Structures are given as structure tokens and as C-alpha cells.
Amino acid sequence: MRLAEAFERRPLLIAYICAGDPRPRATVEIAELLARAGADVVELGLPHSDPIADGPVIQAAAQRAIEAGMNTDVYFEAASKIRANVPLVFMGYYNMIFRRGLDRFAKDCADSGITGLIVPDLPPEEAGPLRAACRKAGVDLISLIAPNTPIERIPLIAENSSGFLYLVARSGVTGARADLQESTKALIERVKTPLPKAVGFGISTPEQAAEVIRAGADAAIVGSACVDLISRGDLAGLEELIRGMKAAIGEARPI
Amino acid sequence: MKITDASMKRFGRFGGQFVPETLMQPLKELAEAYGRLKVDPQFRGELSALLSNYAGRPTPLYLAKSLSRELSRKVYLKREDLLHGGAHKLNNVLGQALVAKAMGKTRLIAETGAGQHGVASAMVGANLGLDTEVYMGEVDIERQKMNVYRMELLGARVIPVRSGSRTLKDAINEAMRDWAGSYETTHYLMGTVAGPHPYPLMVRELQSVIGTEAREQILNAEGRLPDAVAACVGGGSNAMGIFSGFLRDEATKLIAVEAGGRGTSSGEKIADHGACLNLGEDGVLHGAMTRILQDPYGQILESYSLAAGLDYPGVGPELAHLVEVGRVTPAIADDGAALEGFSRLSVLEGIIPALESAHAVGFALKNPEALGEIAIINLSGRGDKDLATVMDHEGRGGR
């Protein structure tokens, strides 16, 4: 399913997992579980040895996954086996894409059912070549906006994004956080774009997910909280978290 | 030949800013502040005074008579080992710390491998009254206990890095993560010419004092330019520092000596060397497109060298470019050649070189013809810090 189609039924819940954690073979099952429990989009992280935008939880997951044998070939094989009626989105670092070749990587995404890419270390100034490859392959390239992105820079980022815009809720790296900053609400208001706005980084509870939806976001993204539950082998807890978040965002802004 | 363009973020196809959006604004603010300050007379005066009176510049250019006799040519040593702290690192650190102060930052963070950049950062933090925290891999902390103690003595806090390979590359990752959440109060003091723009440019310019002095000194001593300038390369800051003085002198050969470690092959996760200019491939590491050591999928390999300061799986993007356009010649010295350089220079000249700098000396011993008739070797640091490593290597139980 395309992202544009999914966003017709907003608000959405987007769930991130690190592919290959704890084992490459578990990824298909976990992705399908997320979709079943109510995730509207599944973000499939490709583990990298040097994930500079990630906090300790996702760093550790990436390390486990690499050690368990996850690599780009295994990743696409897993993605193509996922049977779920939700869009799959790639999330990963630029060197993994560059190394495979931009055109080949974008085509592999399209061929394995991935409809969009999020590349956290690729600002719009560096994204031209990958954007061209994505356009050719017919997949979206989703840009990120940070809390400290100056207002005059927002159009550059927004115009170079497709699918949705990823609003980073706070500075620093990925990982759960107790409070949702007032600045997140301001950020959602500040960003003017026809694209859907998805907010991530630091969202770990149904209450926080509901809060960003009430503040005007079109989607809430949960990452480290999922990865944390998976690291403890608590798939029942993962299912419960996703159900809880989905219900909470539905109440926050009834469809 | 257009070698570099100071106004650009790239050196040919290398360089750039491959960083999370959160870091784009801090990098922009840093580039603007540095661009403004580097032409500001007051800033230049302050930096120049610290370089002379605190750090001990200018450093001598010393004609190594016995080494010259042995190699049948004139070999000069640029004595960065005599700089305060025992290595060239302070040139960069003083400049960046003054930039940080002018920007109103109250805290410095730095990464360190062998500990030399960490020690230099701690010295400057103490001197300028800035809180200093140094990220250091757990493996390196174990290898370099003395430098950890030096940093603590100087009032800095050493933060152990337990992620990834627990070495220099992971310390840089951790410093970048810290900075993404702390830049409002904190300056990230990067120690080499790697990383996203403006670091490769800024660190090269702050280190260029080495090359500027050396060029003037050799002209005074010999009345002509050297045939070759050799320097060891890990990230590349001492090499870019001295090379930058001679970039336009196209008859002067610039030799970048990389760590050959224990061989030129690579395992699944660990390479046997740190020779990115010689054996690396295009890729992105720590925010820059450069030559890196990586596996077929783009995972970064761990590098290896007996010299911790050359143990890095990437290299400055400007060096990658200068090698590509043919202005810099890449070379390799392995652990054995470095140890040879270490002991020969000690015996011949009464100078114990850092194991890093010993790679350049070792290269010269093995390839004297590459130096021409008159050459300069950048002696980037002194070897006291390496005694335990060398004793261990000789089976004398240095630790």
C-alpha cells in the first residue's frame, strides 16, 4: 500500500522495529504482529554499525541484529515476505544505501514492497542523487525536520519530501522520554506543508501518542519502546502497546 | 589545478554534511562563527599569543644529522613533539576552544583514541575555564590508562564508550550524539580533519601553522623548497597541517604515510590496517563522504594499528581528494616499520618519536629514494606515551 493511501485514514500509528533483532527470521513475524495490532505503517530499520542518530536502545538492537546475520540482502528478503496490508518504510543510514548503489537500492525497495525511505543522516543538501533514484523507482523519500530547524529552512525540506514529513520531537537521539516538550507542539504548528506530518523521537506511551495527535500531527511514530519490548522477548507486551497507542490516537482525533 | 575551495563544503566529490537534521543548525552556526573569527584581529591576536606563550610555538625545524647521513640525503624534522602536551593536537584545540568561548559555549566535548586529543582538550578546558568531557572507548581506556589519568588530573571527565567496537570511531559517534542534544551550551571539539563541514576545513586551517612555519624555516635553512614532505595519516590533521604550507609548490612531493598494521587484508569485521587512502573505498563515515574501510554491505570495519592515533577506519575528505587528483602520494608503513622508526630515531637522534610519527620515519628508512635530496618529516608527537605499548610488544611487560 502507498503512503498517500494510508494517510487517507489519519491519524496513523507508525511503528519502528530494527530488522534482524533478535534474529533475522523473527522480523517477518514481528512486522505482521505490529500490523495486526493496529500499526498503520511499519518502519523497518536496517541495522548499521555506526548509527549516529540513535540512542542506546536502538544501538544495542542494531548490534544484536548485525551479529545475528542481518545484512542488506537478508533485509530485502525479509521485507518481501511480510504479508500485511500496511505500507512498509525503510529506515537506515546513507552509507548502507550508497554502498549498494542508489538505483539498485531504490529498486530493491520497490521490488520488496517497501514504499518509502527515511534516511536520518541525509539532509536535503545531500539528498539529490538518492531522490532521483527514488523517483525513478517510484518510492517516496521522507525528509526530517528537527526542533532547531530554522523556519526559513522548512520549505527546502518540505519541498524535497514525499510521502510524509518526519518531525523530530526533540533534539538528541532516539529513545523514550517522560515528557513531551511544549516545543513539539510549537514545531507541529510551525511546519506548514500539504504533506502529512508524523512526529517521532521520544514517544513511548499511548498518552504521548495521543498528545501529538491532539497537537495536530497526522501520525505518531513509536520506535525505541517497541525495540525495548522486543529485546526483552515480550511480544505480548508489544502487541498491547500498539493496541493501546492505536486506541489512544483514535480517541484523540476521531476519524 | 584547483586543489581546494575554502568557501565550499566539499573537496571534489568528498566531504559534505551527512548528518542528522538536528546537527545542521549547530554546524551552520559553527561555520559562520569560525568564518567571522578567523579574520578578526582580536581573535587572531589571542590565538597567536596562546600558541607562542602557552603552547611554545614556533617549533624548530631540526636537521637530523645522523639520520641524514644514514639515508644519504638531508632530512629535517618538524618538531611538533616539542609542542606543549607532546603533540601537534594543541594547535587545533586552542583555536576551536577560543571559537567556542566567543560563541558563548560553556562546555567542551571531545573524542579521543590514544588520548592525545583528549589531553589537549583537557589542558585547554582547564586553561580557558571550560567544562570538558572526553568520550573514550572502553578498549582505549584500558590501553591508555596514563592519558586517562592525565585528563582527570587536568579537571576533565572521561566518559567510557561501551557501544560498537568501543574504540575511537564509537567515541566520535557518542560525541556527535551528545552534541545533537547539547549544542546550545556545548562545542564539539573534533580532533582531526574528518567529520562534516566545517571541521575538515577548520581543523586544517588551525593546523596550517605547522606548514607555514616549516616552509619559512626550510627556505631560511636551505634557500629552496624541499623535494618531499612526509607525514603520518590517521584522520590526517598533522599531515594536512604541514602539507597545506606546500600545496601550491607542485615540485614538492607530499607523502601521506598510513598505518599498514599487520597486513593489507580485511576480516569480516576488522581490517588489519588503517590505510584508507591506500586501500579504502568511497563511503560516508562521521558525516563526510571520504575513503573508508567497510564490508560489502557498508558496515564500517574496525581498523588496526599499533599506533592508536592511526587506528581509524576513515580519513579526512580533503586528503581523499588530494590523493585522487594526484597531489598527495599515499604510502604505507606497517607496525614493524614503525617500530624500526621508533627505535632508530631514538638511537640516531636522541628523539623518541610517537608511534604515529614513527610510521613516517619508518617509511623514510625503507624508502629513502622517495624523499629526494632534501625532505621534511613531520614529527607530530613524542613517544613517551607509547613506552608501555612498545615494551608490551617486545614482551617486556610494559603494563
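How many residue pairs are in polar contact across the interface of chain B and chain A? Keep in mind while reading that this is a predicted model. Here are my notes, point by point.

1. To take that opening question: the rule finds 23 residue pairs in polar contact across the interface of chain B and chain A, with both residues at pLDDT 80 or more. On the chain B side, the elements that give two or more residues are helix H1 (21-37), helix H8 (168-182), strand E11 (281-285) and strand E12 (288-292). H8(B) gives the most, with eight residues. Sorted by class, the side of chain B that touches chain A has 15 nonpolar, 12 polar and 10 charged residues.

2. Now the extent of that interface. Chain B brings 37 residues to the contact and chain A brings 38. About 3000 Å² is buried between the two chains, and carbon and sulfur atoms give 49% of that area. In chain B, the residues that lose the most area to chain A are Glu21(B), Arg177(B) and Tyr297(B), together 26% of what that side buries.

3. Salt bridges also cross between the chains: the rule finds five of them at the interface of chain B and chain A. One to look up is Asp50(A) with Lys169(B), where the closest N and O atoms are 2.9 Å apart. Asp50(A) sits in the loop between strand E2 (41-45) and helix H3 (56-67) of chain A, while Lys169(B) sits in helix H8 of chain B, so this pair joins two chains. Are these two residues buried or exposed? Asp50(A) is buried, with a relative accessible area of 4%, and Lys169(B) is buried too, with 5%.

4. Another pair to find in the viewer is Lys269(B) and Glu67(A). Their side chains meet in a salt bridge, at 3.7 Å from N to O.

5. Over all chains, the structure holds 48 salt bridges. Within chain B, Glu213(B) forms one with Lys78(B), with the closest N and O atoms 2.7 Å apart. This pair links distant parts of the chain: Glu213(B) is in helix H10 (residues 209-222) and Lys78(B) is in strand E4 (residues 74-79), 135 residues apart. Both Glu213(B) and Lys78(B) are buried.

6. Chain A has its own examples. Arg232(A) and Asp228(A) form a salt bridge, the closest N and O atoms being 2.7 Å apart. Arg232(A) is exposed, with a relative accessible area of 55%, whereas Asp228(A) counts as partly exposed at 27%. Elsewhere, Asp73(A), Arg100(A), Arg104(A) and Asp108(A) are linked in a network of salt bridges.

7. Finally, have a look at helix H4 (residues 89-102) of chain B. Just after H4(B), Gly104(B) takes a positive phi of about 80°.

Conventions. Residues numbered from 1 in each chain as written. Chains lettered and ligands numbered in written order. Predicted model: local features only at pLDDT ≥ 70, side-chain atom pairs only at ≥ 80, totals over all residues. Heavy atoms only, no water. Contact = heavy atoms within 4.5 Å. Buried area = accessible area lost by both parts, 1.4 Å probe. Salt bridge = Lys/Arg side-chain N within 4 Å of Asp/Glu carboxyl O. Polar contact = N/O pair within 3.5 Å; in protein donor to acceptor, adjacent residues only side chain to side chain. Helix = DSSP H or I, 4+ residues; strand = E, 2+ residues; numbered from the N terminus. Nonpolar A, V, L, I, M, F, W, Y, C, P; charged D, E, K, R; others polar. Buried < 20%, exposed > 50% of the residue type's maximum accessible area, 1.4 Å probe, protein only.
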